[in-house]
Amino acid sequence: MVQAYRFALDPNAAQERALRSHCGAARAAYNWAVGWVSASWWQRRAEASYGLAEPELTEWRPWSLIALRKEFNQVKKTDPRFAGWWEENSKEAYNTGLANAAAAFDNYAKSKRGQRKGRRMGMPRRKSKHRAGLSCRFTTGAIRVEPDRRHVTLPRLGTIRTHESTRKLERRIAVDTARILCATVRFERGRWFVSFQVEVERAARTPTRQDVAVGVDLGVKCLAVLADSQGEIRHVPNPGHYDAAVKQLKRLSRRVSRRRGPNRRTGQTPSRSWLKANAERNRLHHRVANLRGDALHKLTTKISAEYGTVVVEDLNVAGMLRNRRLARKIADAGFGEIRRQLTYKAGWNGGRIHVADRWFPSSKTCSTCGAVKAKLPLHVRTFRCDVCGLVADRDANAACNLAALAAASSTGTAVAGDRGAQAPNPRGADQKTRATRPGRKVGAGRAGGATLPTCRQTEARDRHQDAATLTLW
């Protein structure tokens, strides 16, 4: 299996300058690729407005990684934006930006054709020097973990000391059960990190309770309510790391606002006191994020190692965050991160993950008789069945229904939790989301036009056909 190992770095001043230079080179290559491809789009649009026929228009420029790399290798030697400094960085830095640009154009094309889930994507845009994240990926060259377990070696950057021991990865490499595929350096939460993508040989694992299914109902007051198929119900309280630090964060934010901060419009530079206060506030934000990540990893690791089947809900987290009264609580809980971690950790431990349908009425269904309520407002925290008289906690009842869904999906009992059961819907207004979106007209200001260029459609079609051929072989 492929797994990532992440370690914090402690670079010296020269190494940090080199890291920032590589990440800046990746951003510059990305901006060049976006400008080079979109320039032909705007040129063709201008020529078409002059009345030129299709054969007389400027040729479309390809956006595949191979084409971008070939053109960039010619331009970097003569273009004044790169000619004076491109040799200072590894070729992998520029390849990172070009690969990201190719992926961005591919995502835009798939969104145009309706082949990509989620919100509609616009044309790729240039990355700002002040707001873009610092990241660079290395796929070739000297990429290794040193035997002393305190240093890593990266191309052109040399040997960099790590903040923590690398023994978890080094001992696997020493016994030849792991192979490094690539490495990514990234600056986030106030420090540099390196992530190794590693191909690992793992022994087969089985959960401690292989035949037990558990339903996981996520919430705000209780982070998760676990109900297994044997009738055991457990409540995991929400740590509320952000709520615990919000008072201090407000105080530090007021301190920052009273200092002289930066202003790019007027060219004002921040004062030393502003830099100091802003760094103190950022450290608190980073601590809250680290505590949240640690708590979620411990919870998901424990669930995936214990239960053979884990049932979670397909929550519309993006839609839930639009609720201004609950957005802060939901974001602090990390619903989407919990599902992501359970998905890959269940595979590691030999279990399986089952995702309940988004419209499955887990909270409104009685876990005893299967009766479904027409309405159950969010402020009602106790479930009372009108048929059998069951009185239970709302979240515990939902978790029981999710646990029953794992067995019902395979046996088809047509009772509570069965995907084949037809629940009454007196209002007829549960599923408000459209399955498909109507076509959207593109204004004259869009360089890409209402549809993809003909040559871009042909290029994308050929690329998909090649991928399908390789899959068949």
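In this predicted model, D314 and R339 form a salt bridge, with their closest N and O atoms 2.8 Å apart. D314 sits in the loop between β11 (307-313) and α7 (317-320), while R339 belongs to helix α9 (residues 335-348), so the pair ties together parts that are 25 residues apart in sequence. D314 counts as partly exposed because its relative accessibility is 24%. R339 is also partly exposed, at 30%.

Another salt bridge joins the side chains of R209 and E232, at 3.7 Å from N to O. This pair links distant parts of the chain: R209 is in strand β8 (residues 209-218) and E232 in the loop between β9 (222-228) and β10 (233-237), 23 residues apart. E232 has 37% relative accessibility and therefore counts as partly exposed. Salt bridges with shared partners connect R209, D228, E232, R234 and E306 into one network.

D79 and R81 meet through their side chains in a salt bridge of 2.7 Å, N to O. D79 is buried, at 12% relative accessibility, whereas R81 is partly exposed, at 47%. The whole structure holds 24 salt bridges.

Among the residues lining the largest cavity are L223, N238, H241, R292 and D332. Helices α6 (272-306) and α8 (327-333) each supply at least two lining residues, and α6 gives the most, with 3. By residue class, the lining divides into 5 nonpolar, 3 polar and 2 charged.

Definitions and conventions. Residues are numbered from 1 along each chain as its sequence is written. This is a predicted model: local features need pLDDT of at least 70, side-chain atom pairs count only at pLDDT 80 or more; totals for chains, interfaces and linings use all residues. Side-chain values use heavy atoms; hydrogens and water are left out. On a 1 Å grid over the protein atoms alone, a cavity is a set of points where a 1.4 Å probe fits but cannot get out, and a pocket is an open set with protein on both sides within 12 Å along at least five of seven lines; lining residues have an atom within 4 Å of a point. Helices (H or I, at least four residues) and strands (E, at least two) are DSSP runs, numbered from the N terminus. Ala, Val, Leu, Ile, Met, Phe, Trp, Tyr, Cys and Pro count as nonpolar, Asp, Glu, Lys and Arg as charged, and the others, Gly among them, as polar. A salt bridge is a side-chain nitrogen of Lys or Arg within 4 Å of a carboxyl oxygen of Asp or Glu. Buried means under 20% relative accessible area, exposed over 50%, partly exposed in between (1.4 Å probe, protein chains only).
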